[in-house]
Amino acid sequence: MKIKVRFFASYREIAGRPEEVFELREGATLSTLISKVRSVYPKLTKLTDDLIVSVNKRYAKEDVVLKEGDEVALLPPVSGG
Amino acid sequence: MILVTEDDFSVDEVLRNVRNKRTGAVVTFVGVVREEDCGRKIRKMEMEAYKGMAEKELSDLRDKAMKKFGLEEVTIIHRVGSLSPGDNIVLIAVSSGHRKEAFDGAEYLIDELKKVVPLWKKEILEDGEVWVEGGH
């Protein structure tokens, strides 16, 4: 299945692109996807052990099971206001 | 009202719309781009949002605050894009029957906004650029 991953703010600059589509087997969890993203973008790995992640625009835990078409985003620590 | 926008806002207009017949107090908080941060001069500030998610999180926060403090109305407007020192960044306007709930509600909303809403600022300094990450 295809999962779109979006990178924001500093992560976008580190990744060098705003988004990328990853191919995963059916039933894969967010944790599997994050490992894959980390292996493609080793510079993101150095940032933090606990990446803040959303699935379909909601904060999500790593044990969430993904489905085709989900939009995942990697979120640096926020700094609004 | 919840709004994430490139445009500046009119505090007067929001003040007119955030009250109702039960309102006895209105508190507004406006966040503004400083000229300096930790001794470094800021030339510009670029504000980025995860559109769609930012509005959802703001809307959840508004619902929580209204319940927690018994507020009448809440408006939150957050700007994105390229801002200059002195520009408005964020407006929080809260109305309630009495002042304490309005003050407490406004403070809760700006504190929580800074923790959970997917917004990021990048400071453009005279000698480089830096993403601000985490509470500030």
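Select chain A. Its 81 residues would give a radius of gyration near 12 Å as a compact globule, and chain A has 12 Å, which agrees. (The radius is taken over C-alpha atoms; the globule rule is 2.2 Å times the number of residues to the power 0.38.) This is a predicted model, in which local features need pLDDT of at least 70 and side-chain atom pairs count only at pLDDT 80 or more, while totals for chains, interfaces and linings use all residues. Residues are numbered from 1 along each chain as its sequence is written, and chains are lettered from A and ligands numbered from 1 in the order in which they are written.

**Chain A**

Three helices and five strands make up its secondary structure. (Helices, H or I of at least four residues, and strands, E of at least two, are DSSP runs numbered from the N terminus.) Along the sequence they follow β-α-β-α-α-β-β-β. Along the principal axes, the C-alpha atoms of chain A fill a box of roughly 35 × 25 × 20 Å.

Colour chain A by burial: 28% of its 81 residues count as buried. (Buried takes 20 or more other C-beta atoms within 10 Å of the residue's own, exposed 12 or fewer, partly exposed in between, with C-beta atoms placed from the backbone.)

Now pick A:Lys57, in the loop between strand 3 (52–55) and strand 4 (58–59) of chain A. Its phi is positive, about 65 degrees, although A:Lys57 is not a glycine. A:Lys57 counts as partly exposed because it has 18 C-beta neighbours inside 10 Å.

**The sheet of chain B**

Move to chain B. Four strands form an open sheet in the order 1-5-7-2, with mixed pairing. (Strands pair if DSSP finds at least two bridges between them.) Strand 1 (2–5) and strand 2 (25–32) of chain B each have a single partner strand, so they stand at the edges with one side left without a neighbour in the sheet. From one strand to the next the twist averages 5 degrees.

Zoom in on strands 2 and 7 of chain B. They run antiparallel, joined by eight bridges. Select B:Thr28; opposite stands B:Ala93 in strand 7 of chain B.

**Helices on the sheet**

Show helix 2 of chain B. Its 17 residues reach 24 Å from first C-alpha to last, close to the 24 Å expected at 1.5 Å a residue. (The expected span is 1.5 Å times one less than the number of residues.) Buried residues of this helix include B:Met53, B:Glu57, B:Arg62 and B:Phe69. Just after the helix, B:Gly70 takes a positive phi of about 65 degrees.

Helix 2 of chain B lies across strand 1, strand 5 (73–79) and strand 7, at about 150 degrees to strand 1.

**A loop stop**

Select B:Cys38, between strand 3 (36–37) and strand 4 (40–49) of chain B. Its phi is positive too, about 50 degrees, although B:Cys38 is not a glycine. With 7 C-beta neighbours inside 10 Å, B:Cys38 counts as exposed.

**The interface**

Finish with both chains on. Here 23 residues of chain B are in contact with 13 residues of chain A. (Contact means C-beta atoms, placed from the backbone, within 7 Å.) Helix 3 of chain B gives the most to chain B's side, with four residues.

Definitions and conventions:
Contact = placed C-beta atoms within 7 Å. Axes fitted to C-alpha atoms, helices over the stretch in contact; angles between N-to-C directions.
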